[in-house]
Amino acid sequence: MHETERQRVIIAAVQTRPVVTVAELCEITGSSEATIRRDISALHVQGKLRRVRGGAEALTPPEQGGLMGRPFSVNETINIAQKRAIARAAAELCKDGEPIIINGGTTTYQMVHYLTGRRLSVFTNSFGIAEFLIHNSRNSVVIPGGTVYREQNVILSPFGGVVASHFYAKRMFIGCQGIGAHGLMEADPMVVQSEMGLIGQADELIVLADSSKFSGRSSLILCGLDRISAVITDSGIRDEDRQMLETAGVRLIVAETSALGDRQATVA
């Protein structure tokens, strides 16, 4: 992550909670403690945040608590070609008439462009996904009740939801903070709580993760690999990660990108 992008993430993070620690910022950005401390010092001098012991805080306390993780506006620009190819491959798994869940995220958001001509029943906690499908398709759209978290563009409730608990889905499409031998990882406890409830409502769990996510790590495990039906990623996936999924019995779909468009290849 380049310095400008990294500092943009740091500024966004301090707007989501009273204090953000150096360790949390290292996890979000994938940077070293020394790098984060230098960034905090520079931003403090620029008057964009306040340096505190062990981390940083906003100059003006946030009115609403936020979620850990990079803002949607930052994430959506990263690996965009791969995300579009992955999303297209995911959309090709959907059949008209099916009920599906699309969880909020920058890769799952790209699915909307390939669902405009479909007739599906879509449950989503993404404000952006719901808005796009309502205005640009004839899909049925269901959203949960809760708080809109602007930075991540999702709707979450700490109390669960009646609608979510009664929505059955053939497939659930989900992104992640990271994926490894221990399973699917996320950055924020509230996101984990929300997603755990939704996972139980779907027959199949389809993970949309560009190859960089196999190097991503977090302290929170959402579910094990045994719960995942398929992973859709790009051709940058390493051989050891292919082997990990194969050993776990997870179907791997590799979405290739090219100058002529996206094409899909499936690896058993």
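Is Ala23 buried or exposed? I looked this up to begin with: Ala23 is exposed, with a relative accessible area of 52% (buried means under 20%, exposed over 50%, partly exposed in between, with a 1.4 Å probe and protein chains only). Ala23 sits in helix H2, residues 22-29 (helices are DSSP runs of H or I with at least four residues, strands are runs of E with at least two, both numbered from the N terminus).

A note on the model: it is predicted, so local features need pLDDT of at least 70 and side-chain atom pairs count only at pLDDT 80 or more, while totals for chains, interfaces and linings use all residues. Residues are numbered from 1 along each chain as its sequence is written, and side-chain values use heavy atoms, without hydrogens and water.

Next I turned to a sheet. I found three strands in an open, antiparallel sheet, ordered S10-S11-S13 (strands pair if DSSP finds at least two bridges between them). S10 (178-180) and S13 (220-223) are at the edges with a single partner strand each, so one side of each has no neighbour in the sheet. I also checked S11 (residues 183-186), which pairs with S13 over three bridges in the antiparallel sense. Met185 stands opposite Ile221 in S13.

Last, I looked at the cores. The largest nonpolar core has 28 residues, and Val231 is one of those with the most contacts inside it (a core is a set of buried Ala, Val, Leu, Ile, Met, Phe, Trp, Tyr and Cys residues joined through side-chain atoms within 4.5 Å). Apart from this core lies another, of 26 residues, including Ala85 and Val112.
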